Amino acid sequence: MKSTTAEVDPGSYLLSRTVDGFGFAKQEQSNSTEALSKNRPVDDHPNDREQKRIRKWRKMIGVGGSDWKHYVRRKPHVVKRRIRKGIPDCLRGLIWQLISGSRDLLLMNPGVYEQLVIYETSASELEIIRDISRTFPSHVFYQQRHGLGQRSLYNVLKAYSVYDRDVGYVQGMGFLAGLLLLYMSEEDAFWLLVALLKGAIHAPMEGLYQAGLPLVQEYLCQFEQLVKEYLPMLGEHFTQEMVNPSMYASQWFITVFSYSFPFPLALRIWDVFLYEGVKVVFQVGLALLRFCHDDLIKLPFEKLLHALKNFPAEAMNPDKLLPLVFSIKVSKRLEEFKREYEKRKERPLPHSLPPLSSSGRLDVLMDAKPGDGSGSNYSNHESPLPYNVEEIRPHGGINRFRSAGYSNCARKPS
């Protein structure tokens, strides 16, 4: 099917607005944001060191990923080490598909995505449309009303809501799909979303979005236990101030840090998350608390909550935070906590998430606004979008987008 891209030219935004290397509008007053954005090279011609790293990755995955599985079997420790150092941005989309198992799902299900988008209807269409403008609103790809980015995001979310009607659509899913669409086509993004929620490689994550958010409840319970064990003084302070993880960590799990974290850090976390699983979300959360431990332990309730949603720029620097993340070992304890949780999950938990509103929306997610101290280079303010469903439904084809403007890396001249 042919793409209909004439109505939107992502490159035109780059000319009309000042954006960082990822395509987000720069915040002139945020020096920390600009510093963090430099973690990603914006030059279409990477330096020699980066070129060498890219060549290593190309050799590792082979043409189109043909050698990937063989290399992983032979040298899993090399793969893990390189992923933790960060995937080259120009290869990120392909690598994400390989490590998540979504490429296999796509090849095994030809034509399914097209069927879901073109010929099926979803009960969640209006809700999806209402949320589109809240997803990365300062990114050039998603800014234009009815533009390519918003149409693509609608298509992916609508397709998944039809594919899995038990889950349907929940607000936080838009940030996952929105992130993926910056690095791959609609169809690729859809199958990666399926791989995550249905568990192609790691444990299924659909419980994050099912009624009652059962997996969120489980993860928050486990995280609270980890805080008390790994950071006992801070855990005791949280208890005294009556602060529990549902007040600050829900969106970490629901959006895998894509909602309010600086984009360079979010990408590095996603590299590891797709390869190693959800344990890295726990590790990042603990690392942030450990990094800011001495400050957090002095704060009263209101200031504590604010600080937990607005970490300092230094804590959000990938080069400083991630070594601490990888030094925290949680796999064994998570398995033990999971077994304990399953034994007592029929009993009411001491802490629970704020309830869903009558519309089924995640109030806890939208209450957590990114602040200036987070170093985030985008905001997710509410912006009403008076769409008509018929205006945004695909007409004559499925848009496919590969954000070459934000994922370029020069190939070695032949």
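Here are my entries, going from the whole chain down to single side chains.

**Ground rules.** I am working with a predicted model, where local features need pLDDT of at least 70, side-chain atom pairs count only at pLDDT 80 or more, and totals for chains, interfaces and linings use all residues. I number residues from 1 along each chain as its sequence is written, and side-chain values use heavy atoms, with hydrogens and water left out.

**Overall.** I looked up the secondary structure and found 23 helices and zero strands; these are DSSP runs numbered from the N terminus (helices H or I, at least four residues; strands E, at least two). Of the 414 residues, 58% count as buried. Buried means under 20% relative accessible area, exposed over 50%, and partly exposed in between (1.4 Å probe, protein chains only). I also checked contacts, meaning heavy atoms within 4.5 Å. Among contacts with a separation of 6 or more, 80% come from residues 24 or more positions apart.

**Core.** Which residues have the most contacts inside the largest nonpolar core? I noted Trp96, Tyr248, Trp252, Trp270 and Leu289, in a core of 118 residues. Such a core is a set of buried Ala, Val, Leu, Ile, Met, Phe, Trp, Tyr and Cys residues joined through side-chain atoms within 4.5 Å. Helix 12 (residues 186–198) gives the largest share of this core, nine residues. I then picked Leu289: leaving aside neighbours within four places in sequence, its contacts include Phe223, Phe238, Tyr248 and Phe311.

**Ring pairs.** I found 29 aromatic pairs in the structure. Rings of Phe, Tyr and Trp (its six-membered ring) pair if their centres lie within 6.5 Å; planes under 30 degrees apart are stacked, over 60 edge-to-face, and the rest tilted.

Why is the pair Phe136 and Phe263 edge-to-face? The ring centres are 6.3 Å apart and the planes stand at 85 degrees, so that label applies. Phe136 sits in the loop between helix 9 (125–132) and helix 10 (148–163) and Phe263 in helix 16 (residues 263–276), so the pair ties together parts 127 residues apart in sequence. Phe136 is buried at 0% relative accessibility, and Phe263 is buried at 1%.

Next I took Phe223 and Phe253, an edge-to-face pair at 6.4 Å centre to centre and 75 degrees between the planes. Phe223 is in helix 13 (residues 214–230) and Phe253 in helix 15 (residues 250–255), so this pair ties together parts 30 residues apart in sequence. Phe223 is buried, at 0%, and so is Phe253, at 1%.

**Cluster.** Last, I followed ring pairs into a cluster that includes Phe223, Phe253, Tyr248 and Trp252.
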